[in-house]
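Q: I would like to learn how to read a protein structure one feature at a time. Could we begin with charged side chains that pair up?

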Amino acid sequence: MSKLDAIGFGALNVDKLFKVNRIAAAEEESYVFDHSEACGGSAANTMVALARLGCKVGFVGKVASDAEGRMLLQDFRKEAVDTRGVTVATTGRSGKVMGFVGKGGKRALYVDPGVNDKIKLDEIDCAYASSTKFLHLSSFAGKQSFETQKGLVERLPAKVKVSFDPGALYARLGLTKLRPIINKTSVMMPNAGEIALLTGKTDYKAGARLLIDEGVEVLAVKLGNKGCYVVGRDESHLVEPFKVKVVDTTGAGDAFNAGFIFGLLSGKNIKEAGKIGNFVASRSITAMGARSGLPTLDELKKFLSTS
Ligand SMILES: Nc1ncnc2c1ncn2[C@@H]1O[C@H](COP(=O)(O)OP(=O)(O)OP(=O)(O)O)[C@@H](O)[C@H]1O
Ligand SMILES: [Mg+2]
């Protein structure tokens, strides 16, 4: 099987955003005046970002035979993400996140994980999931798919590097529960809050050190408008963010992950990879949604040639 640069493994969702006159409480009625839909999921966003940068990428995940499932697959194909590893369930619903946004900007979110949470290890083609330089993991809401991720990383050949963005959902599980994945992780990319949830250390530098001592090779701690902090076995650097006009930070972390992985795939050191992560994230937040601002390889090359 020809080798890909990265394969994502995480939840696949269609994000449905409803603008409403106000968020209805129980027994109340409200009305929708605008509606938009976009494909999402953290690892999925990261794979799309890598594809825009010219990387060969694929995905392991699950959708149902419904309109959302077709939309998720079509979108991946449009973005040149290989879909051979996506299982299509004959029953159940594809993952959805329904967001209701009131006029004041307040949001109510309803997550329907659907078949995302029903991924079994025997549905995954282990040879396919191993045909990559990086297997990139993001979280699932339910236990079954988490167990499957643990089972898959256990079976991966040593030449496949695991990259891992735990998000708050997995960080909250704590170190003991997450250790089977962390012990196999080469590159971990949490934000500072997630480091605290996971390690109990509010000082992200101390938390990062603890994870390095757990065996993680490289950590990039995402610090929002403060950039990132990258750590390897014998070095650490604070990497300055890029000053941009912020439009929407949705998916900033996912875009960062893509830039950081791209840097490592290109043989850059961790400081340079952190800078590329910050750059890709900074482009993403200048446009609405998780994907519309993502840069192309040409834009990144232009940036690298002038920086
Ligand atoms: N205001 C900002 N200005 C410049 N860069 C930013 C800003 N906010 C975020 N970034 C960039 O985006 C990266 C990721 O953002 P953040 O630290 O919020 O990650 P996150 O909490 O994982 O995000 P997400 O909500 O997407 O999961 C940062 O490391 C930084 O490079
Ligand atoms: Mg994040």
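A: A salt bridge is a side-chain nitrogen of Lys or Arg within 4 Å of a carboxyl oxygen of Asp or Glu. This is a predicted model, and the structure holds 16 salt bridges.

Q: Which parts of the chain does the salt bridge between Asp112 and Lys96 tie together?
A: The side chains of Asp112 and Lys96 meet with N and O 3.8 Å apart. Asp112 lies in strand β8 and Lys96 in strand β7, residues 95-101, so this pair ties together parts that are 16 residues apart in sequence. Asp112 and Lys96 are both buried.

Q: What does the salt bridge between Glu214 and Arg179 tie together?
A: The closest N and O atoms of Glu214 and Arg179 are 2.9 Å apart. Glu214 sits in the loop between α8 (204-213) and β12 (218-222), while Arg179 belongs to helix α6 (residues 175-182), so the pair ties together parts that are 35 residues apart in sequence. Arg179 is partly exposed, its relative accessible area being 29%.

Q: Which residues do salt bridges that share partners join into one network?
A: Lys16, Glu37 and Glu68 are joined into one network in this way.

Q: How should I read a residue in a loop, such as Asn116, and is Asn116 buried or exposed?
A: A loop residue can be read by its place, its accessibility and its contacts. Asn116 is found in the loop between β8 (107-112) and α3 (126-129), and because its relative accessible area is 1%, Asn116 is buried. Its side chain makes a polar contact of 3.2 Å with the side chain of Asn13. When neighbours within four places in sequence are left aside, Asn116 is in contact with residues including Gly10, Lys62, Gly95 and Phe140.

Q: Where is Glu79 found, and which residues is Glu79 in contact with?
A: Glu79 is found in the loop between α2 (67-78) and β5 (81-82). At 12% relative accessibility, Glu79 counts as buried. Apart from neighbours within four places in sequence, Glu79 is in contact with Val48, Ala51 and Arg52.

Q: How many residues surround ligand 1, and which are the closest?
A: Ligand 1 is surrounded by 15 residues, of which the closest are Asn191, Gly224, Gly227, Gly253 and Asn278. By class, this shell has seven nonpolar, seven polar and one charged residues.

Q: Which atoms of the protein lie by the oxygen atoms of ligand 1?
A: A backbone N or O atom of Ala252 lies 3.2 Å from an oxygen atom of ligand 1, and for a backbone N or O atom of Gly253 the distance is 2.9 Å. In Asn278, an N or O atom of the side chain is 2.7 Å from an oxygen atom of the ligand. Taken alone, ligand 1 exposes 630 Å², and the protein buries 78% of that. The elements that give two or more residues to the shell are α9 (252-265) and α10 (270-284), and α9 gives the most, with three residues.

Definitions and conventions. Residues numbered from 1 in each chain as written. Chains lettered and ligands numbered in written order. Predicted model: local features only at pLDDT ≥ 70, side-chain atom pairs only at ≥ 80, totals over all residues. Heavy atoms only, no water. Helix = DSSP H or I, 4+ residues; strand = E, 2+ residues; numbered from the N terminus. Buried < 20%, exposed > 50% of the residue type's maximum accessible area, 1.4 Å probe, protein only. Contact = heavy atoms within 4.5 Å. Near = heavy atom within 4 Å. Polar contact = N/O pair within 3.5 Å; in protein donor to acceptor, adjacent residues only side chain to side chain. Areas by Shrake-Rupley, 256 points an atom, 1.4 Å probe, with all protein chains shown as cover. Nonpolar A, V, L, I, M, F, W, Y, C, P; charged D, E, K, R; others polar.
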